[in-house]
Amino acid sequence: MCGIIGYIGPKQVTTLLVEGLRRLEYRGYDSAGVAVITNPSSPSSTRELQIVRCRGKLSELEGQLAGAAPQGNVGIGHTRWATHGRPSDENAHPHRFESVAVVHNGIIENYLSLKRSLSERGHSFSSETDTEIIAHLIWEELQRVAPGPDRLLTATQRALKHLEGAYAVVVLCTDTPDEVVCAKSASPLVLGLGDGENLIASDVPALLPHTRRVIFLEEGDLAQLTREKVRVIGLDGVERKRPERVITWSLLAAEKAGYKHFMLKEIFEQPRAVTDTLRGRLSHAPADALLDGYDIDPSKVKRLFVLACGTSFHASLVGKYLIEALARIPVEVDLASEFRYRDPIVSSGDLVVAVSQSGETADTLAAIREAQKKGAQIFSIANVVDSSIPRTSQHSLYTHAGPEIGVASTKAFTTQLVALALLALHLGRRSGRLSEEAAQAFVHDLTSLPAKLTQVLQTAEQLQQLARTYGHCRDMLYLGRGPQFPIALEGALKLKEISYIHAEGYAAGEMKHGPIALIDEGLPVLVLAPHDGGYEKVLSNLSEVKARGGHVIAITTEGDHSLRTLADHVIEVPAVHPLLAPIITVVPLQLFAYYVADFKGTDVDQPRNLAKSVTVE
Ligand code: F6R
């Protein structure tokens, strides 16, 4: 989730770019930079492409620019949220090759093979990023296009045909100083239409000081910006008509893309986030998961531990079901805060998987250090690239969910589940315990997740209604079995932390061992009942709740008939592999918690007493 801005017009561009980047800071950043064409109207020999970039906050970049800001009216800027390559000065954007500079948001899946063939043609690289190869490819194409008004546009269009993956890219070239070119595939880009000036940005807030007239680019669009006009074409070169819109949002609403809270925005981002977690990591024939170059030999793994805190712990519990079912390797899941203090029995040959959104949680970090001291290998699943936990680990798999700003974790959770599913698939294939046929079915269902998440988000209105009905209650109970049990825990945690309503998550089979005593007239009980091996048993638990006057809200697979007569409310979700169903069934619980909190008027994005990153014990 990098931030991008580009400008062509009469204004001094460096300050404008930095101000634009400041308005995109909420997208997360670990480094920033600008590229400006100086002397654009002079002969090409005296034109220069000046790049200033560095690791750290925008204020670091401002420090470098103070007194030495490049002077010009055409430029591009970028705040980086690292995906390929750690945050560093060298990996900060813009990236340049010869006369071409680019900024990029997204992931180029085939960058390694492109880099290899560019190297064979004599290119060398100065960063670890996938972005740098785009500048090289465009420059190569530029050498083949005759000078003319569309030279950069044509070269970019040709270069992009080599890329697989997601990109929002903006290109600047000293040979063609009167145009800026950009292109979008899966990552957002919006054009800002001014008077004698035009802009491009990854999000509306960066444009608002200059214009409210915008064009949202669509998949496969390329745009050419000059001072006077913008032109949109497809990868096939054919002109595309895109409607102009006028933005009426306030700046704050624009940062949240019009959503009332970051949490709601992040819930709705889940189809995109899961797509990015899967990107480049699945093979279809043979069906397999690729863990970014990490290959685990299960026969060498003595024991497998998964360590985490809070929501990430709940994801880890689902991970146990996934790994044990697909790879038949026993998994011990532990709260990192407990593990670190009990002199854990762990030694060399053990594999410890650490799961953390922030990558900075003090307890998880201390737990893996303890395990490492005792000889274990550490594999981390994290969202923030190059944070402390991945830096301490031998290998890391990043979830690529983009920055999560709402304190209550949502998209980080579902993407952790996807990462754990990839790990389970990998172990299942390597151990030989998962047949090609079963792996094919699993891969098929993994790839269906973004569309199914989009479908399940359509239950939002129903959940908003339910939140109004039950938002006044003092307690709620969440029940689930098998891989849905951790989802019951997660649903209860979401409700507690943002609405301050007391909630308990229980394994449905445990009801009769105590919590059934809590059930009385009117207690809302949220029951996870998708069609899986535990369905029939959950139905009998649900009947026990009903018999005692509880109000049942059931989450089940679409087309279910039995629950309509048993439950007070039924939320239907699309069918998917039972081990992947938690990724779908958690969404109505996130929405319910959100709407209850909103109904109660609590501070949804920053609930009391909580911090996004718990770096203290
Ligand atoms: C709850 C939540 C927390 C975190 C926990 C671990 O919504 O976000 O429970 O999951 O503090 O944080 P990470 O995943 O950053 O290690």
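In this model, the backbone nitrogen of H531 lies 2.8 Å from a polar atom in the side chain of T557. The model is a predicted one.

- T557 belongs to strand β25, which covers residues 551-557.
- The relative accessible area of T557 is 9%. Buried means under 20%, so T557 is classed as buried.

**The ligand and its surroundings**
- The ligand is surrounded by 14 residues, and the closest of them are S312, S356, S358, T361 and E497.
- Sorted by class, this shell holds four nonpolar, eight polar and two charged residues.
- Two helices, α9 (310-327) and α16 (485-499), each contribute at least two residues to the shell. The largest share, three residues, is supplied by α9.
- In the side chain of T361, an N or O atom is 2.5 Å from an oxygen atom of the ligand.
- In the side chain of S358, an N or O atom is 2.6 Å from an oxygen atom of the ligand.
- T311 takes part through its backbone: one of its backbone N or O atoms lies 3.1 Å from an oxygen atom of the ligand. Taken alone, the ligand exposes 400 Å², and the protein buries 90% of that area.

**Strand β20 and its partners**
- Strand β20 comprises residues 377-382, and five of these six residues are buried; the strand is therefore largely enclosed by the rest of the structure.
- Strand β19 (residues 351-356) runs parallel to β20, and six bridges join the two. Within this pairing, L351 stands opposite Q377 of β20.
- Strand β21 (residues 395-398) also runs parallel to β20, to which it is joined by four bridges. Here I381 stands opposite L397 of β21.
- Together with helix α11 (residues 362-373), strands β19 and β20 form a β-α-β unit, and this unit is right-handed.

**The exposed residue R608**
- R608 is located in the segment that follows α19 (581-600).
- The relative accessible area of R608 is 52%. Exposed means over 50%, so R608 is classed as exposed.
- In sequence, R608 and V407 are 201 residues apart, while in space they are 10 Å apart from C-alpha to C-alpha.

**Cis peptide bonds**
- H93 and P94 are joined by a cis peptide bond with an omega of about -5°. P94 is situated in the loop between β4 (74-80) and β5 (95-97).
- A285 and P286 are likewise joined by a cis peptide bond, with an omega of about 0°. P286 is situated in the loop between β15 (282-284) and β16 (287-289).

**Positive phi values**
- D292, a residue other than glycine, has a positive phi near 50°. D292 lies in the loop between β16 and β17 (304-308), and with a relative accessible area of 45% it counts as partly exposed.
- H400, a residue other than glycine, has a positive phi near 55°. H400 lies in the loop between β21 and α13 (411-431), and at 12% relative accessibility it counts as buried.

Methods: Residues are numbered from 1 along each chain as its sequence is written. This is a predicted model: local features need pLDDT of at least 70, side-chain atom pairs count only at pLDDT 80 or more; totals for chains, interfaces and linings use all residues. Side-chain values use heavy atoms; hydrogens and water are left out. A residue is near a molecule or strand if one of its heavy atoms lies within 4 Å of it. A polar contact is a pair of N or O atoms within 3.5 Å; within protein, one must be able to donate a hydrogen and the other to accept it, and residues adjacent in sequence count only if both atoms are side-chain atoms. Accessible areas come from the Shrake-Rupley method with a 1.4 Å probe; for residues, only the protein chains shown count as cover. Ala, Val, Leu, Ile, Met, Phe, Trp, Tyr, Cys and Pro count as nonpolar, Asp, Glu, Lys and Arg as charged, and the others, Gly among them, as polar. Buried means under 20% relative accessible area, exposed over 50%, partly exposed in between (1.4 Å probe, protein chains only). Two strands pair if DSSP finds at least two bridges between them. A crossover is right-handed if, with the strands pointing away from the viewer, the path from the first strand over the helix to the second runs clockwise.
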